[in-house]
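Subject: Handing over a structure, with notes on what was found

Dear colleague,

I am passing on to you the structure shown below, and after it you will find my notes, which begin with a single residue and then widen to the chain as a whole. Please read them with the structure open beside you.

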Amino acid sequence: MGYLLILLVIIIIMLMVYNIIIYKRIQTFNNINQKVTGLNVLQEFMNAIGEANSVDDKIKKINEILIEKYEIKYSTIVIFDGAEYVIKASNVDEKHWDTLRSLHNQEIFKDSISTTNPKYITVNDPSERLPYQTMEFGRAKSAMFFPLYIDNVYIGYWIIESGQAHDFEKLDTTILEVIKENIISVYKSIAYQNVVEKTVREDLFTGLKSEEYLYGEGKNIIDKYTTSTVCMFRIVNIEQVNKEYNRETGNELITRVSKYIENSISDTYVFVRYMGPKFVIVFSGVDSDGVVEFIQELKENIEDIKIPEAQIAETGKKKDKVRYVSPKLNFVISTYYKGTALEAVTKKLEEYIDNADKEENDINYI
């Protein structure tokens, strides 16, 4: 009987050890699986950055990935833009957005923002509601609030919600922290694009968009096609006109050239004043062979334009003989491929234009 008891104890101990080993292996597998899942999600984040064009579209796509991959009921990303809190992405009905964009004012979340620690809240009774809810009872019963920081600077928050009480107690907070860091990393990587999109200006004389438009909204149009032709031209005699005539005549020259081209090209093409006397036309979806002949005709027609010298009011009298001036243009073109750096193409064209002979008046392909 004693031997049997000892044998049973040994068997029980062996089973316990076996269970512990199996448990550790399962935990190791789960950790590896979580890491693989995290890497896959991060890869999808990176793909979203490449596929979507505007900053807002990218953040919305990222939020959609979070909801799908982690089966989150509600997810909302709120960013402080320097003036106000803006909901950048959310799958919550818009009637609740006023509440969601003002969570920083809620006492329950203020400590989380100041300490950078996430805040978990839930209800215990189905009849209860979360502290920040003002006009809703059944939508969310638990939530996790994550303040977002870039280089120790507070930029907003991410909140996930569930219709079930105590729902997020089952989630590994480590995974959620990794997701939060991924959101920050992605937002940080597209912050420059956000600045570019917001610094687009409209040129005073031509009414054209500035260079920054190319890399934001303009790129949305261009990237609908696999390849496009980028054309940069410079009004090569603008300095001479300003000096020998006057700046008003030079301004009129720029205005007439830009208006003529704007009226001659399709709305699907992007035309901007790049800098000073330099302009860029992107022929979206058109290869260079189809552009050269058009540019040649365009150049000839523009250089046939005769612009009268502007009369300066402060001189007190008009000149007896009116002089005329015609624009002289130097063109250079190259090919842009979707998914590559558009700014690298324009930089290459600009370097050519700037280093070309000041008298060069031609069409070149590089």
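Ile265 counts as buried because its relative accessibility is 11%, where buried means under 20% relative accessible area, exposed means over 50%, and partly exposed covers what is in between, computed with a 1.4 Å probe on protein chains only. This residue lies in the loop between α9 (247–264) and β8 (270–275); helices (H or I, at least four residues) and strands (E, at least two) are DSSP runs, numbered from the N terminus. If neighbours within four places in sequence are left aside, Ile265 is in contact with Phe271, Ile281, Phe283 and Phe294, contact meaning heavy atoms within 4.5 Å. Ile265 and Leu298, although 33 residues apart in sequence, are 9.8 Å apart in space from C-alpha to C-alpha.

Before going further, please keep in mind that this is a predicted model, in which local features need pLDDT of at least 70 and side-chain atom pairs count only at pLDDT 80 or more, while totals for chains, interfaces and linings use all residues. Residues are numbered from 1 along each chain as its sequence is written, and side-chain values use heavy atoms, with hydrogens and water left out.

As for the chain as a whole, the secondary structure comes to eleven helices and 13 strands, and of the 366 residues of the protein chain 43% count as buried. Among contacts between residues at least 6 apart in sequence, 63% join residues that are at least 24 apart. The accessible surface of the protein chain comes to about 20700 Å², of which 53% belongs to carbon and sulfur atoms; these areas come from the Shrake-Rupley method with a 1.4 Å probe, and for residues only the protein chains shown count as cover.

Turning to charged side chains, a search of the whole structure finds 13 salt bridges, a salt bridge being a side-chain nitrogen of Lys or Arg within 4 Å of a carboxyl oxygen of Asp or Glu. One of them joins Lys278 and Asp354, whose side chains meet at 3.1 Å, N to O. This pair links distant parts of the chain, with Lys278 in strand β9 (residues 278–283) and Asp354 in helix α11 (residues 342–355), 76 residues apart. Lys278 is buried, with a relative accessible area of 8%, whereas Asp354 counts as partly exposed at 35% relative accessibility. Leaving aside neighbours within four places in sequence, the residues in contact with Lys278 are Met232, Phe233, Arg234, Arg273, Glu350, Ile353 and Asp354.

Other salt bridges stay within a helix. Lys180 forms one with Glu177, the closest N and O atoms being 3.2 Å apart, and both residues lie in helix α5 (residues 173–189), three residues apart, or about one turn of the helix. Lys180 counts as buried at 7% relative accessibility, while Glu177 is partly exposed, with a relative accessible area of 25%. Glu177 and Lys180 are also linked with Glu181 in a network of salt bridges. In helix α10 (residues 289–303), Lys299 and Glu303 lie four residues apart, again about one turn of the helix, and they form a salt bridge whose closest N and O atoms are 3.0 Å apart. Lys299 counts as buried at 6% relative accessibility, and Glu303 counts as buried at 15%.

Strand β7 (residues 227–235) pairs with β12 in the antiparallel sense over nine bridges, where two strands pair if DSSP finds at least two bridges between them. Within this pairing, Val332 in β12 is the bridge partner of Met232. β12 is also joined by three bridges to strand β13 (residues 363–365), and these two run parallel, with Ile333 standing opposite Tyr365 in β13. Together, β12, α11 and β13 make a left-handed β-α-β unit; a crossover is right-handed if, with the strands pointing away from the viewer, the path from the first strand over the helix to the second runs clockwise.
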